[in-house]
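Here are some exercises to work through with the model open beside you. Try each task before reading its solution.

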Amino acid sequence: MRGRDWINLILPDELIIEIFRHLESKSSRDACALVCNRWLRLERLSRLTLRIGASGCPDALVQLLARRFANIRNVFVDERLSISLPIQLGRRRGTDRSVTSSLKIHSLAETNGSEDNETESYCLSDAGLTAVAAGFTKLEKLSLIWCSNVTHVGLRSIAEKCMLLKSLDLQGCYVGDQGLAAVGEFSKQLEDLNLRFCEGLTDAGLIKLVSGSGKTLKSISLAACAKVTDTSLEAVGSHCRSLESLSLDSEFIHDKGVVAVAQGCPQLKVLKLQCVNVTDGALQDVGTCCFSLELLALYSFQIFTDKSLCAIGKGCKRLKSLTLNDCTFLSDKGLEAVAVGCAGLTHLEINGCHNIGTYGLESIARSCTHLSELALLYCQRIGNFALSEIGRGCKFLQALHLVDCASIGDEAICCIARGCCNLKRLHIRRCYEVGNKGIIAVGENCKFLTDLSLRFCDRVGDEALVAIGEGCSLHHLNVSGCHQIGDAGIIAIARGCPELSYLDVSVLQDLGDMAMMELGEGCPLLRDIVLSHCRQITNVGLSYLVNNCTLLETCHMVYCPGITTAGVATVITSCTNIKKVLVEKWKVSPRTKRRAGSIISYLCVDL
């Protein structure tokens, strides 16, 4: 390329734009935009997505971004996030002076204004939403998370001008019935709708929306909308014949509403229910009518029984994913009915269903041979034999999660390791009967394992991690609270897992600087590390780690008495990509705070 700019001479605009769209990270796009004026212009044309947090003055920021990026399709505004302004406010040719002045004025007002005004200025308002509507007329996806100042006025602007809108997320917004009515009137291509925690809504608004946009709606989510009742769901059942996904979390929904959806939406594939007043009758109708159902999640059901699961097993032959969370009266009989009727099940989660035991899981092992993910949480009645059967029958299992399963031990883990050689993710927490023997078997047999979590497994020690280091190439490892693990185990991981990117060794009292040095040598891709409550680690080991792991982004090191102010400063100065440091406040020097105050989080400030 010496002497000539061949790329700009040969490649047309369309091809360069297409190349830019294949860049994954924002930093890469920004770097390309700085090459020349042409690339800056084309990169702006290639941008399809904007993400905005609670930044300075979101209304003015939106106006400026609308002028810069003409082809935006997706806008995400989340006021839970704090994001600095992505623009420079200095003099620059082509910058809109009015918008820049507005941002500068806001900066002054921030310093001198009242606390109430400052809070208001950090929230997107109807003016900002109107600017979104005017500037991004090709908008297809809009997400407004907890934008409390947005009302029906701004939402109506979006509905009127963004005729291509397909996805609308209003979680935590107070848009009211008038806003939803406007969406129903103008958004004739709407497919996805999220109304979680929209407390100002009533049946009137939702009925008007589905009456106008129901023909295209495929997904609806509702939670904590106290004034939305069965009447709304009856309208959904009447107008949303193409609905594929429904998520409900409400104390005010009863059988009548769920039955209306089941009977009126024959293409329903995903159903998530957390409705304490829904009974067996509604679930039996789901089993009778929803033959396309693929995912069913039931949360906190205290009044329905095995009759529901029997109906699901009899009618929903395409079911692939089942989640049962705190369903007190379900037993092995209901799970057996699902196993026999839904042989294609690939995902099963059982959480706190205390009447489901070993026999129910044995049925899954015998019938659902394509099971790929299994999660058992607080299942005291499920023992070794059930999991041994899973190892024998479910050869395609790739993920296993066990939490507080007191009856499961090494025997079960050994059977899983020998039978499920494709296992990629193994998470075990507070299963006190699991020890070295089971984890050694995993290291010897599960060569594809990349994610291992052994939290508070007191019987797991260095011997187990040596086997893992020799047999697996881990990317994620969490051994928090495994008190028998020391330097030898972590050194084995450092030498055997060069692609390790996440490590949690918190509460390991015998872990010291030697392990940190080995990690620095052997794991150059490490991005996140948790060292909290490691009393033997000092500034020496930490310094060696951060000087070699240059990609490090987060470091948690609270209650590490061997790490001092100097160690914290070393992390900040050595890691150019660091995004978060969690440490005690008294360990941060004034100089370090000036350099990196925005990325430092404090715990127990008074200690």
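A crossover is right-handed if, with the strands pointing away from the viewer, the path from the first strand over the helix to the second runs clockwise. Helices (H or I, at least four residues) and strands (E, at least two) are DSSP runs, numbered from the N terminus. This is a predicted model, in which local features need pLDDT of at least 70 and side-chain atom pairs count only at pLDDT 80 or more, while totals for chains, interfaces and linings use all residues. Residues are numbered from 1 along each chain as its sequence is written, and side-chain values use heavy atoms, with hydrogens and water left out.

**Exercise 1. Trace the chain through strands E11 and E12, then on to E13.**

Solution. Start with E11 (residues 347–351), which pairs with E12 in the parallel sense over five bridges; two strands pair if DSSP finds at least two bridges between them. Here Ile350 is opposite Leu376 of E12. Now move on to E13 (residues 399–403), which runs parallel to E12 and is joined to it by five bridges. Leu376 faces Leu402 in this pairing. The chain gets from E12 to E13 through helix H18 (residues 384–393), again in a right-handed β-α-β crossover.

**Exercise 2. Explain why E12 is described as largely enclosed by the rest of the structure.**

Solution. Take the five residues of E12 (residues 373–377): four are buried, so the strand is largely enclosed by the rest of the structure. Buried means under 20% relative accessible area, exposed over 50%, and partly exposed in between (1.4 Å probe, protein chains only).

**Exercise 3. Which aromatic pair is edge-to-face, and which is stacked?**

Solution. First, the rule: rings of Phe, Tyr and Trp (its six-membered ring) pair if their centres lie within 6.5 Å, and planes under 30 degrees apart count as stacked, over 60 as edge-to-face and the rest as tilted. This gives two aromatic pairs. Phe20 and Trp39 are edge-to-face, at 5.6 Å centre to centre with 75° between the planes. They sit 19 residues apart, Phe20 in helix H2 (residues 13–21) and Trp39 in helix H4 (residues 37–46), and both are buried. For Trp146 and Phe197, the centres are 5.8 Å apart and the planes at 25°, so this pair is stacked. Trp146 counts as partly exposed because its relative accessibility is 33%; Phe197, at 27%, is also partly exposed.
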